[in-house]
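Let's read a few features of this model together, one question at a time.

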Amino acid sequence: MQTYPVDMSMKPHVEAFFDAATNTISYVISDPKTKACAVVDSVLDIDYASGRITHDHADRIVDHIITHGLTLEWIIETHVHADHLSGAPYLQEKLGGKIGISARIMEVQETFGKIFNEGTDFQRDGSQFDALFQDGDRYKIGKIDAFAMATPGHTPACMVHVMGNTAFVGDTLFMPDGGSARADFPGGDAGELYDSIQKVLTLPDELRLFMCHDYGPNGREIAWETTVADEKANNIHVGGGMSREAFVKLRSERDATLAMPKLILPSLQVNMRAGELPEDADGRPVLKVPLNQL
Ligand SMILES: [Fe+2]
């Protein structure tokens, strides 16, 4: 098994930006020494009923980066999100930085290229992104060591990004009382998700874990930070030594009851293009609604 180079002595600053419309948490992770930063899982606002795109959430991030004199080096997507649009190109246009995602994005582009009946102008080689990460690939945010860890299961292109003593788990884990994300999207697999979570749980106990989503189960306040030790002990789907078999059963039964996320159709078309809006033949931004495909 791959061993991962966690350096707990490096302590980046983490600022969280909660999006109430989609229950997504975006992050700005910065190196206090060099003022370099990364953004993980940004959000573009959409009113799907009117087809209107706005930038309030992304602008909060832009303001934070400018106000604190940070330099944006990386714009990371933990995966192709199915419940919100990515604000990555908007941030890049304003502040620079490289947009990175798992190299397995190509599989997601292949699958959804078919579902959306995309023509040959839609590249399925990940070339819309600036960086395609393989399992274990390292990079830096200023002087902070960071690496990507492949965690397929929720989707094939899911990754956890570890930056110093912090990790951004995407949808691989939820807070302990939230359990785990669904594994029934095309290319998802509950058994693989279990294996990926076990990999995350081998990281140091005190590693700070940051969630991409929280829905405040049972009326508790929204929360997004925990540790490996807490997940191992208390996660309702995988904690306390839950077996693979039991997890797959629980996950599959629960997934069978879930409706599609409200924004899955717009999200996938935009996010598989690294956040760029699809265009019609005249170059105007447009979204498709393929019928009876999902
Ligand atoms: Fe997701």
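Q: Where does Glu231 sit?
A: Helices here are DSSP runs of H or I with at least four residues, strands are runs of E with at least two, and both are numbered from the N terminus. Glu231 belongs to helix 5 (residues 228-234). Keep in mind that this is a predicted model, where local features need pLDDT of at least 70, side-chain atom pairs count only at pLDDT 80 or more, and totals for chains, interfaces and linings use all residues. Residues are numbered from 1 along each chain as its sequence is written, and side-chain values use heavy atoms, with hydrogens and water left out.

Q: Is Glu231 buried or exposed?
A: Buried means under 20% relative accessible area, exposed over 50%, partly exposed in between (1.4 Å probe, protein chains only). Glu231 is at 0%, so it counts as buried.

Q: What does Glu231 touch?
A: A contact means heavy atoms within 4.5 Å. Leaving out residues up to four places away in sequence, Glu231 touches, among others, Leu173, Phe174, Met211 and Gly239.

Q: Which protein donors does the iron ion have?
A: Donors are N, O and S atoms within 2.8 Å of the metal (3.2 Å for Na, K and Ca); water is not among the atoms, so sites may look incomplete. Here they are His79 (NE2), His154 (NE2) and Asp171 (OD), 2.0 to 2.5 Å from the iron ion. His79, in the loop between strand 6 (71-76) and helix 2 (88-95), and Asp171, in the loop between strand 12 (166-168) and helix 4 (190-200), are 92 residues apart. His79 is buried at 1% relative accessibility, and Asp171 is buried at 6%.
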